[in-house]
Amino acid sequence: MALNRNENQAAWLMGANERLKVDSIQNWTPGPGQNPKFNMLQLQFPAMLGSAYAGIVTEIAPGVTSVACGDRVAVARWGATTCEERFTSFQKYPLALERNVLKLGTESLRRRCWCHC
């Protein structure tokens, strides 16, 4: 698929048990205080998707002190973790580096989620 710099596209999931579909979405314009617009990195295939997620900690490694099992957390991947499948968010049990984990308060994830879940 050729890159059209005038068209914005997104991966859409239209329902449970359906395949992802790439389709058009509004071509956004940055506003005051927003990050500059940029082109996403082109994937190498096969690829696992996802770089940010939230959930509940189910297991921790020895020496981890900032979170415990049962904690609600948000994770943002960057650096070396972006190249490793074990850290991708579109899986049931991804791993995270401790430095990439933010422990959330006792509020529900629904109210704290930046993606407006």
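Which residue in β4 is the bridge partner of Ile56?

## The open sheet

In this predicted model, the bridge partner of Ile56 is Arg72, a residue of β4. The two strands concerned, β3 and β4 (residues 72-76), run antiparallel and are joined by 5 bridges.

This pairing belongs to an open sheet of 3 strands, which follow one another in the order β3-β4-β5 with antiparallel pairing. At the edges of the sheet stand β3 (52-56) and β5 (101-103), each of which pairs on one side only. If direction is ignored, neighbouring strands of this sheet are turned against each other by 25° on average. Strands of a sheet pair, in general, through backbone hydrogen bonds, and the pairing may be parallel or antiparallel.

## The second largest pocket

The strand β3 also takes part in the second largest pocket, where it gives the most to the lining, with 4 residues. The elements that contribute two or more residues to this lining are β3 and β4.

The volume of the second largest pocket is about 600 Å³, and the pocket is lined by 22 residues, among which Val57, Glu59, Pro94, Leu95 and Ala96 lie nearest its centre. Sorted by class, the lining holds 16 nonpolar residues, together with 3 polar and 3 charged ones.

## A loop residue with positive phi

Elsewhere in the chain, Asn17 is found in the loop between β1 (8-12) and β2 (21-25). Although Asn17 is not a glycine, it has a positive phi of about 65°. Is Asn17 buried or exposed? Asn17 counts as exposed because its relative accessibility is 86%, and exposed residues are those over 50%.

Methods: Residues numbered from 1 in each chain as written. Predicted model: local features only at pLDDT ≥ 70, side-chain atom pairs only at ≥ 80, totals over all residues. Heavy atoms only, no water. Buried < 20%, exposed > 50% of the residue type's maximum accessible area, 1.4 Å probe, protein only. Pairing = 2+ DSSP bridges. Axes fitted to C-alpha atoms, helices over the stretch in contact; angles between N-to-C directions. 1 Å grid on protein atoms, 1.4 Å probe; cavity = no way out; pocket = protein on both sides within 12 Å on 5 of 7 lines; lining within 4 Å. Points joined across faces, edges and corners; volume = space filled by probe spheres on them. Nonpolar A, V, L, I, M, F, W, Y, C, P; charged D, E, K, R; others polar.
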